[in-house]
Amino acid sequence: MESLDALTSLVAGGGVVVLSGAGLSTESGIPDYRGPSGVARRHTPMTFQAFTRDPLARRRYWARSHLGWRLIGGAAPNAGHRAVAELQRAGLVDTVITQNVDGLHGAAGSTSVIELHGRLDEVTCLDCGNLTSREELDRRLREANPDFVARVAGVNPDGDVDLPDEQVAAFRPVDCGICGTGMVKPDVVFFGETVPPQRVTRCFAAVEQARSVLVLGSSLTVMSGRRFVIRAAKRGIPVAIVNQGPTRGDGHATVCVDAPLGVVLPQVAARVGAGTPLGV
């Protein structure tokens with residue numbers, strides 16, 4: 001395949017910055033919003049404004065997220081995540097910028113990971129600022145809701161689920177376990193929030209120092225990730241995209257591969273001597 005040859009050649013040059021999206025985690029059982037395994041979301045994503053101002057909206061979020069965490073927390077890295085880690089250990093990938101909040105790059109062994117939108121396995125108190133683990137919050141929520149039983153109709157990439165209102169009404173949220181009264185929120189960027197400026201600055205710096213940018217499993221629909229592709233293109237830095245389906249960055253790319261990442265990435269890693277072919 002000519003595009004796979006071009007992709008391999010680009011990666012073999014080293015200095016790669018990876019920009020990953022939800023499509024990389026679909027083979028770990030976490031659905032994508034827009035790709036082939038995408039789910040039709042029946043409710044709009046939680047906004048920061050609704051979460052902080054509306055107790056009912058906050059209850060709804062925690063009831064749904066409490067159930068969705070079972071899937072996210074139990075997910076394991078797939079062949080695509082492992083291939084990225086192998087390429088990094090081989091010295092070909094410098095930095096991983098991920099739009100995902102599942103922590104699977106780190107679990108696969110990647111380092112120098114910038115988690116653009118935060119991570120679901122940490123919880124922050126909006127009053128005292130302390131970070132705690134999601135496992136600890138999960139334990140406290142279980143204790144506060146010993147009889148909470150609900151049927152999950154579908155899980156979204158951010159760990160939220162579809163849940164009927166009558167089941168939400170039976171759920172009891174909890175406050176911060178450290179200060180005792182603070183409002184807790186997963187340490188992720190909600191709609192209506194902005195990514196911390198210093199995090200964005202780190203991403204731009206990594207892109208500007210890269211020899212190439214490799215986009216994995218992102219439709220680049222939102223500017224949060226697409227801006228890095230645009231910056232690379234403006235600087236004359238080659239961009240390669242591996243995704244199932246078209247993306248809004250295709251016009252900036254020198255290489256586009258439309259194929260499953262769990263197949264393509266191990267092949268690339270094997271070709272450059274950084275891993276073994278899938279199934280070996």
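Modeller: Happy to! One term before we start: two parts are in contact when heavy atoms of one lie within 4.5 Å of heavy atoms of the other. Keep in mind, too, that this is a predicted model.

Let's look at helix H1, which spans residues 2–12. Its buried residues are Leu4, Leu7, Thr8, Leu10 and Val11. They lie on the same side of H1, because the arc they cover around the axis is only 160°.

What covers the buried residues? The cover includes strands E1 (16–20), E7 (212–216), E8 (239–242) and E9 (255–257), along with helices H4 (79–89) and H10 (261–271). After H1 comes glycine 14, with a positive phi near 75°.

Now for the sheet. Six strands form an open sheet in the order E3-E2-E1-E7-E8-E9, and their pairing is parallel. Strand E3 (113–115) and E9 are at the edges with a single partner strand each, so one side of each has no neighbour in the sheet. From one strand to the next, the twist averages 15°. Further in, E7 and E8 run parallel and are joined by four bridges; valine 215, for instance, has isoleucine 241 in E8 as its bridge partner.

Back to our helix: H1 packs on this sheet and touches E1, E7, E8 and E9, with its direction at about 120° to that of E9. Helix H8 (residues 197–208) also packs on the sheet, touching E1, E2, E3 and E7.

Conventions
Residues numbered from 1 in each chain as written. Predicted model: local features only at pLDDT ≥ 70, side-chain atom pairs only at ≥ 80, totals over all residues. Heavy atoms only, no water. Buried < 20%, exposed > 50% of the residue type's maximum accessible area, 1.4 Å probe, protein only. Helix = DSSP H or I, 4+ residues; strand = E, 2+ residues; numbered from the N terminus. Arc of directions from axis to C-beta. Pairing = 2+ DSSP bridges. Axes fitted to C-alpha atoms, helices over the stretch in contact; angles between N-to-C directions.
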